[in-house]
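Me: I would like to learn how to read individual features in a model of this kind, going through them one by one. Could we look at it together?

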Amino acid sequence: MNDDLLADSFEAHRGHLRSVAYRMLGSLSEAEDAVQESWLRLSRSDSAAVENLGGWLTTVVGRVCLDMLRSRKARREEPWDVLVPDPIVSRDDAGPEHEALMADSVGLALLVVLDTLTPGERLAFVLRDMFAMPFEEIAPIVGRSEAATRQLASRARRRVQGAPVAPDPDLSRQREVVDAFLAAARGGDFDALVSVLDPEVVLRADRGAALGGSIEVHGPAAVANQALTFSRLGAGGGVVRRALVNGAAGVVGTRDGRPFSVLGFTVAGGRIVEIDILADPERLGRLDLAVLD
């Protein structure tokens, strides 16, 4: 296969590979690195001997992501302080495309749960449950028997099913709840804030090292107080714009045309169960928010 044809064939699979890597890593920049590494390995291989290019590339990107996860775990002397995965931000246009977007999206809440899994569990769950890859093809990637790989996926599945990661499917209902939350925060109405929060609500925020690092807050009262604090910090020329964050209702806060926060909400049962806030200037600067213009 000549170089141009090989590059075209790879590009046809890039979107799929990026989806696999993002679910594995929860980081857009690391996902791009993993996809690029899979291209480098393909370009150095005997591509003529590859019968199923899509399967071959998925296996390679899975191995790359597994190595990256293991390296990440190995260098963590303390728990990773970045609690908020990289969000995927898109326009808040609930048109006919929204259903397809929701089907292809992975919520921030699910990514947080996936980050609690071991690297092997995460890979087995992502490749099996999200991409329907056969266990016989997953097992060599994690270096386990097929039976042991099934157990990895089963353990991961139990962890995922035990967490409130599925948002209400009705985007307009999600938006009503989020709008009520934002109005209460702007108005300083503590009781109104609490009324839209689930009793088990959790708020995670990554503000960056210069602004105090990451925090995780549990319970309606604590989350409402934190929301009021964030609202005050965002005041003074700030503009809050509706957006879809990983396919669900969210907002992007901008000041002088620059983003200062991205908020993703998980709404279930008509109440907010999780709020994920990215306010780290360095990480925000790496996001592609041009789609909102």
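Me: Which residue just after α1 takes a positive phi?

Reply: Before the answer, a word on the source: this is a predicted model, in which local features need pLDDT of at least 70 and side-chain atom pairs count only at pLDDT 80 or more, while totals for chains, interfaces and linings use all residues. Residues are numbered from 1 along each chain as its sequence is written, and side-chain values use heavy atoms, with hydrogens and water left out. Helices (H or I, at least four residues) and strands (E, at least two) are DSSP runs, numbered from the N terminus. The residue in question is G26, which follows α1 and has a positive phi of about 70 degrees.

Me: Where is the kink in helix α1 centred?

Reply: The bend at a residue is the angle between two fitted axes, one for the seven residues ending there and one for the seven starting there. In helix α1, which covers residues 3-25, the kink amounts to about 45 degrees and is centred on R14.

Me: Is R14 buried or exposed, and which residues does R14 touch?

Reply: Burial is read from relative accessible area, with buried meaning under 20%, exposed over 50% and partly exposed in between (1.4 Å probe, protein chains only). R14 has a relative accessibility of 18% and therefore counts as buried. Contact means heavy atoms within 4.5 Å, and, when residues up to four places away in sequence are not counted, R14 touches E32, V35 and Q36. The buried residues of α1 also include L6, F10 and L17.

Me: How many aromatic pairs are there?

Reply: A pair of aromatic rings is described by the distance of the centres and the angle of the planes. Rings of Phe, Tyr and Trp (its six-membered ring) pair if their centres lie within 6.5 Å, and planes under 30 degrees apart count as stacked, over 60 as edge-to-face and the rest as tilted. By this rule there are two aromatic pairs. One of them is the tilted pair of F10 and W39, with 5.2 Å from centre to centre and 50 degrees between the planes. This pair links distant parts of the chain, since F10 lies in helix α1 and W39 in helix α2 (residues 28-43), 29 residues apart. Both F10 and W39 are buried. In the pair of F181 and F265, the ring centres are 5.5 Å apart and the planes stand at 70 degrees, so this pair is edge-to-face. Here too distant parts of the chain are linked, with F181 in helix α9 (residues 171-187) and F265 in strand β6 (residues 258-268), 84 residues apart. F181 counts as buried at 3% relative accessibility, and F265 is buried with a relative accessible area of 3%.

Me: How many residues of strand β7 are buried, and how many bridges join β6 to β7?

Reply: Seven of the eight residues of β7 (residues 271-278) are buried, so this strand is largely enclosed by the rest of the structure. Two strands pair if DSSP finds at least two bridges between them. Seven bridges join β6 to β7, and these strands run antiparallel, with T266 standing opposite E274 in β7. Strand β2 (residues 197-206) runs parallel to β7 and is joined to β7 by six bridges; A205 has I277 of β7 as its bridge partner.

Me: Which residue in the hairpin of β6 and β7 takes a positive phi?

Reply: The hairpin has two residues between the strands, and G269 takes a positive phi near 65 degrees there.
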